[in-house]
Amino acid sequence: MRLEGKTAIVTGGARGNGFAAAKLMAEEGADIVIGDICEDMETIPYRMSTPEVMAEAVKSLEGLGVKALGIKCDVRKAADVENMVDRTMEKFGKVDILVNNAGNSSMMAVADMSEQEWDEVLDTHLKGTFLCCKYVLPKMIEAHSGKIISISSVGGHRGFGMGAHYCAAKHGIIGLTKALSMEVADHNINVNAVCPGTVWTPMMQGIASFFGMEEEEAKEAFLVGHSFKDREIMPEDIGRAVLWLATEDTRCITGQSILVDAGWTARAP
Ligand SMILES: NC(=O)c1ccc[n+]([C@@H]2O[C@H](COP(=O)([O-])OP(=O)(O)OC[C@H]3O[C@@H](n4cnc5c(N)ncnc54)[C@H](O)[C@@H]3O)[C@@H](O)[C@H]2O)c1
């Protein structure tokens, strides 16, 4: 068990890519804290997780023989993030791994985008990643050990139509990852990002139904760009990259963004 005795916080971990990462880390012995908003957001055109979904996720992690805790936390809010870290310290006494995964998106042209639409996406992805790092880092620095893994996207390397806010946030996460990795290397803390291609999670399902697309049609459209046509990227593919970055196998990897995109960004335009 590669993560025996470790404690990991996974934001947005009640479902999707975050839950897959949480489950894989739990299978390697890590105790898990899930911080998730568990309520809908005004400008996001699909549902966020619910308290019931989070309770089910916690139960399923406990079923793997580790300790798990679900905390309602909106990563945009400093007080929520501070509370999540405090409660983690109370229950587990440390934070070894932070996975900044909470995310959402609307689809909108910049000229039509309200300030609120911009803020809800930017504040979740970018400010949320900053706030979680800010409150977790003192614990990691004191322990002289830590792994921070933030979920960016192919949208952190390329532009997506109708997704300027999402791409700005995901590019920002890569910049934050590079700069922070330099800042904390002397404290034995690795900081990396994982950049998924298209994964059929509730986020993508929500965006597809916003455009009135059926599942098969949406999956075909979303797979454009992926080199493998015989397989989909599954949440577990993202989770395995997160797990790898959480282990000592990657002790000399920091400041990197690792694409799990089925070759999408390697293709000529
Ligand atoms: N699915 C994809 O194709 C894809 C591709 C690239 C990157 N990603 C990234 O993967 C991450 C996970 O997304 P997913 O696809 O699993 O989506 P998802 O909607 O299934 O899961 C996202 C989770 O984040 C939570 N959340 C949203 N806003 C939050 C906030 N402000 N505070 C706390 N929790 C919040 C939601 O309740 C939900 O549980 C996101 O960062 C997303 O941008 C996804």
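Mentor: A definition to start: two residues are in contact if their C-beta atoms, placed from the backbone, lie within 7 Å. Also, this is a predicted model, where local features need pLDDT of at least 70, side-chain atom pairs count only at pLDDT 80 or more, and totals for chains, interfaces and linings use all residues. Residues are numbered from 1 along each chain as its sequence is written.

Trainee: OK. Which residues is Ser153 in contact with, leaving aside neighbours within four places in sequence?
Mentor: Lys170, Cys195 and Pro196.

Trainee: Is Ser153 buried or exposed?
Mentor: Buried, because 29 other C-beta atoms lie within 10 Å. The cut-offs are 20 or more for buried, 12 or fewer for exposed, and partly exposed in between, with C-beta atoms placed from the backbone.

Trainee: Where is the place of Ser153?
Mentor: In the loop between β5 (146–151) and α5 (164–184). Helices (H or I, at least four residues) and strands (E, at least two) are DSSP runs, numbered from the N terminus.

Trainee: How far apart are the C-alpha atoms of Ser153 and Lys91?
Mentor: They are separated by 32 Å, and the two residues are 62 apart along the chain.

Trainee: New topic, the ligand. Which residues come nearest?
Mentor: Gly12, Gly16, Gly103, Thr201 and Met203, of 30 residues around the ligand. Near means a C-beta atom, placed from the backbone, within 6 Å.

Trainee: Which helices each supply at least two residues of that shell?
Mentor: α1 (16–27), α4 and α6 (202–210) do.
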